[in-house]
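Open the model in your viewer and keep the selection panel at hand. Each stop gives something to select, then says what is there.

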Amino acid sequence: MIIFTQKALKIILKKKIESIYINIIYVMGPCNENLCKMIPKIEITTSPVKTEYVLYQKDPIKVFINSYLYKKIIKHGDRVLIKYSVVRGKFMAEGITYSF
Amino acid sequence: MAKDPICGMYVEEREDAIKSIRFGKTYYFCSESCKEQFEKPEKEFKTLKKKIIISWTLTIPVLFFTYFPIYLFTKYIVFILATVVQFYSGSRFYRGTLDAIKNKIGNMDTLISLGTTVAWLFSTIVTFFPNIFLTKSIYFDTSTVIITLVLTGTYMEHLMKRRARDAVEKLISIQPDVAHVIIENRIQDVPVEKVKEGDIILVKPGEKFPTDSIIIEGITEVDESMITGESRPVIKKVGDEVIGGTLNRTGSVKIKAIRVGEDTTLSKIINIVEMASTERVPIQRLADVISSIFVPIVIIAGLSSFIFWYFIGKIGLTFSLLVLVSILIIACPCAMGIATPAALIVSSGRAASNGIIFKNGESIEKASKIDTIILDKTGTLTKGEPELGEIFTFNYDEQFILKLAAIAEIHSEHPFGKAILNKFKGVIEFPEKFEYFPGLGVKVIYRGKRIIVGNKELIKSEKIPFDKYDYIEKIEKNGGTALLVAYDQDIVGIISIYDNIKEGAEEAIRDLKLMNMDIYMVTGDNELVARIVANKLNIEKFYSNVKPEEKLKIIEDLQKKNRKVAMVGDGINDSPALAKADLGIAMGGGTDIAKETGDVIIINNDPKNIAKVFKLAKKTMSKIKQNLAWAFLYNIILIPIAGGLLIPFYGPEIYNILPFLAAIAMAFSSTTVVSNSLLLKRVRL
């Protein structure tokens, strides 16, 4: 289940955002060797990036989730909270079990 | 998108992408250097070795001439030697830094190259322009010793990592290179990669089966220990399946390839084991968050300490610079980065060599938290292949009863029917008419007379007089099922069928009890049969007459009581229950692992391995925690020490040796993590 904070909803209405996309991005790990893997992070965008998505819910806006992440959310029964960070100026996701 | 197996970058699977085929699987790389490192890891290792030898050869005279400057021009010799070490031996750190800059991140190489460059640059300026700074001291020894020690540490780490990957490498190496393919009655040796589905292959005694196949001619004993961990050879005859990579011990056989390349069991096992060791484990989250911002924080800490000690502490430029160098060198993000993967790779390799496949890293963490286990009876605790017991006959001999039952069951797909057909040795005639009653039995017409094989309900519904209930009671008391055989109008015999307890099941329950697990058994059989099996195995709690969908309810109820539940069952029939449980353990058949649901697969079907799953998971989690604690404490304690914590007690002179100590600590911090993880190889399971 995905829920939005009031602040996030306000921004969505204000910016007339129709859909959001929950993606996994990878940043380099701290060392250059094959044991030290890249670090996955969740990133929310308002337009799709080149990946496979699943339409998770349509209300209050369409939420598309990276298909791999979707399986993990379903598997864990995660309750995802979408909030808006004023400092970073972007949407953030909370509540996803760190196993992706 | 494919993942570069060396650096972890995501690469598009395009036709023109840099790729390499290994064991039927295509690997994609972000660069030629990653590809080379993948294909020829020994080359990288040799280069590192060469650089270390040169580094030590030059560092020793640097140290000697620094502390015993025989001639005035000695400092120029030291400069030349140190420069070779800095830019030849240390070139890998600069390359790593360039990669980091390209990716807009910081890494361990950034810190080492920055730290050593500061020391080298400062010393070079003092050497050629002695009047710029007030000091005449040079620190070429610092930069060379740091580079040499860190390279030595990296070399040690490489050696350790090789051992960590031993089990996975062994799996990769068990496939033979060549197959003797029979083409138009002639044997032709073909590289294994070129074997196609349907090819007929000759496998001689002592050779390995090149790919997953079916035996079409001959009989042999097969050693499957490399895949299943089971040391006893298995007899394989025509029609039996053999796994690629297993060893043909005794007979020469002809086989037909049924799975090749990426689809083979071995390839799937390798893939799953490798994936499992690279996935994220929830416990790693904090380490990942910190390590992704670690390098900039360390650089800021280094610069702040330099400014503090230079402007406020007034210890002078030289010592202030050495504070900066020490911080940059001692900080070790690598230990944090490899704390979890190092333990996971050793653990999943150890598990694989025992016939246990953890499908993902997370399942190891989940397995370590399990306190309740539900075991499906059939196929997990019992053989799941019914066998005939005693046969009670009335007016006819045993062979005749068996013949009647075999005629009735000839079209049956039921396991009981198969057990009867396996037992009957003789010619079976086909009946004229066949009727199957699900859950009850079969009725056929044979030479104008009816034969019924089934339970008492079917006999009753066919209005056949029956009064031999004491026989049924006797069979059921022993945990068996009674099959009544009726011929024409009379009951002529009763066949008992038993699902025997698997070897190792008792041991498995004992081990699980020793681990304080709450054990439940579930079965679709009636209460009497369930009770007998439970009693034999010392299981106090069981559910009988359970339909597949009711298993989910049992799991849910236990989960509501905050129990962490593992379900052990058949990977295909029990799929929903395995998925519902916190941890699903599938007792696999050994060949179809990718299709099986479950977080863990026991490919050799050995119940003793159930307890091993939990033992290994607990030990692995404990190793991960130790590694993370080491990595965190190392940085938390040593960075402040490098930053000047000891100056009030020992004065700034401590920095004459502190950068060296920092390099030693840094060089061996990652090695400590890897060698601690290697201890998992010695854990008694």
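In which sense do strand S2 and strand S5 of chain A pair, and over how many bridges? Select residues 19-27 for S2 and 62-66 for S5 in chain A: the two strands pair in the parallel sense, over four bridges. Keep in mind that this is a predicted model.

**Stop 1: the sheet in chain A**

Zoom in on A:Ser19. Opposite this residue stands A:Lys62 of S5(A). Now widen the selection to the whole sheet. It is open and has four strands of chain A, in the order S3-S2-S5-S4, with mixed pairing. Strand S3 (39-45) and strand S4 (53-57) of chain A are the edges, each pairing on one side only. From one strand to the next, the twist averages 30 degrees.

**Stop 2: helices on the sheet**

**Stop 3: one lysine**

Go back to helix H2 of chain A and pick A:Lys75. Which residues does A:Lys75 touch, leaving aside those up to four places away in sequence? They are B:Lys366, B:Ala579 and B:Asp599. A:Lys75 counts as partly exposed because its relative accessibility is 39%. Then draw a distance to A:Ser85, ten residues apart from A:Lys75 along the chain: the C-alpha atoms are separated by 27 Å.

**Stop 4: an enclosed helix**

Select residues 317-330 of chain B. Helix H11 of chain B has 14 residues and reaches 20 Å from its first C-alpha to its last, close to the 20 Å expected at 1.5 Å a residue. Of those 14 residues, 13 are buried, so H11(B) is largely enclosed by the rest of the structure.

**Stop 5: domains of chain B**

Colour chain B by its domain assignment: domain 1 is 2-39, domain 2 is 41-167 + 273-344 + 620-682, domain 3 is 176-210 + 212-259, and domain 4 is 387-498. The centres of domain 3 and domain 4 of chain B, taken over C-alpha atoms, are 40 Å apart.

**Stop 6: a one-sided helix**

Finish at residues 415-423 of chain B, helix H15, where B:Gly417, B:Ala419 and B:Ile420 are buried. Look down the axis of H15(B): the buried residues fall within an arc of 160 degrees, so they line one face of the helix. What covers them? The cover includes strand S16 (387-393), helix H14 (398-409), strand S20 (481-487) and strand S21 (490-498) of chain B.

Technical notes
Residues are numbered from 1 along each chain as its sequence is written. Chains are lettered from A and ligands numbered from 1 in the order in which they are written. This is a predicted model: local features need pLDDT of at least 70, side-chain atom pairs count only at pLDDT 80 or more; totals for chains, interfaces and linings use all residues. Side-chain values use heavy atoms; hydrogens and water are left out. Two strands pair if DSSP finds at least two bridges between them. Axes are lines fitted to C-alpha atoms, for helices over the stretch in contact, and angles run from 0 to 180 degrees between N-to-C directions. The expected span of a helix is 1.5 Å times one less than its number of residues. Buried means under 20% relative accessible area, exposed over 50%, partly exposed in between (1.4 Å probe, protein chains only). Domain bounds come from an automatic or database domain assignment. Contact means heavy atoms within 4.5 Å. The arc is that of the directions from the helix axis to the C-beta atoms.
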